[in-house]
Amino acid sequence: MTDDKTKRDFRDRDRVAGDEEYEVGYFASKFGLTIPEVRELIKKHGNNRETLEREAEQLGKR
């Protein structure tokens, strides 16, 4: 069965997949953090992208 291209859902965009290396790497490079720092943020704050971006900006300013 093929995918129905008319059903588009972007629920996944508001989460950071901590188990996907490419996504963690992108997030780390976007905010000038290391991969372990990003994984620690995900562990501490969950995978909500808005929360992680706010915390990453604060961490990057230190």
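1. Leaving aside its neighbours within four places in sequence, L41 is in contact (heavy atoms within 4.5 Å) with L33, G46, L52, E55, A56 and L59. Please keep in mind from the start that this is a predicted model, in which local features need pLDDT of at least 70 and side-chain atom pairs count only at pLDDT 80 or more, while totals for chains, interfaces and linings use all residues. Residues are numbered from 1 along each chain as its sequence is written, and side-chain values use heavy atoms, with hydrogens and water left out.

2. On confidence, the protein chain averages a pLDDT (the predictor's confidence in each residue, from 0 to 100) of 85, and 81% of the residues score at least 70. Confidence is highest in helix 2, at a mean of 94, and lowest in helix 3, at 88.

3. Of the contacts in the chain with a separation of 6 or more, 38% are between residues 24 or more positions apart.

4. Which residues make up the largest nonpolar core? Such a core is a set of buried Ala, Val, Leu, Ile, Met, Phe, Trp, Tyr and Cys residues joined through side-chain atoms within 4.5 Å, and here the largest one has eleven residues: V16, V24, F27, A28, F31, L33, V38, L41, I42, L52 and A56. Helix 1 (21-31), helix 2 (35-45) and helix 3 (49-61) each supply at least two residues of this core, and helix 1 gives the most, with four residues. Buried means under 20% relative accessible area, exposed over 50%, and partly exposed in between, with a 1.4 Å probe and protein chains only; of the 62 residues of the chain, 24% count as buried.

5. V38, a core residue that lies in helix 2, deserves a look of its own. V38 is buried, with a relative accessible area of 1%, and, leaving aside its neighbours within four places in sequence, it is in contact with V24, F27, A28 and L33. The C-alpha atoms of V38 and A28 are separated by 6.1 Å, although these residues are ten apart along the chain.

6. There is one aromatic pair, taking rings of Phe, Tyr and Trp (its six-membered ring) to pair if their centres lie within 6.5 Å, with planes under 30 degrees apart counted as stacked, over 60 as edge-to-face and the rest as tilted. The rings of F27 and F31 have their centres 4.9 Å apart and their planes at 45°, so this pair is tilted. Both residues lie in helix 1, four residues apart, which is about one turn of the helix, and both F27 and F31 are buried.

7. How many salt bridges does a search of the whole structure find? With a salt bridge taken as a side-chain nitrogen of Lys or Arg within 4 Å of a carboxyl oxygen of Asp or Glu, there are three. One of them joins the side chains of E21 and R39 (2.9 Å, N to O); E21 lies in helix 1 and R39 in helix 2, so the pair ties together parts that are 18 residues apart in sequence. E21 is partly exposed, at 48% relative accessible area, and R39 counts as partly exposed too, at 30%.

8. Another salt bridge brings together the side chains of R49 and E23 (2.8 Å, N to O); since R49 lies in helix 3 and E23 in helix 1, the pair ties together parts that are 26 residues apart in sequence. E23 counts as buried, at 15% relative accessibility. E53 forms a salt bridge with K30, the closest N and O atoms being 3.2 Å apart, and this pair links distant parts of the chain, with E53 in helix 3 and K30 in helix 1, 23 residues apart.

9. Leaving aside its neighbours within four places in sequence, R15 is in contact with E23, N47, N48 and R49.
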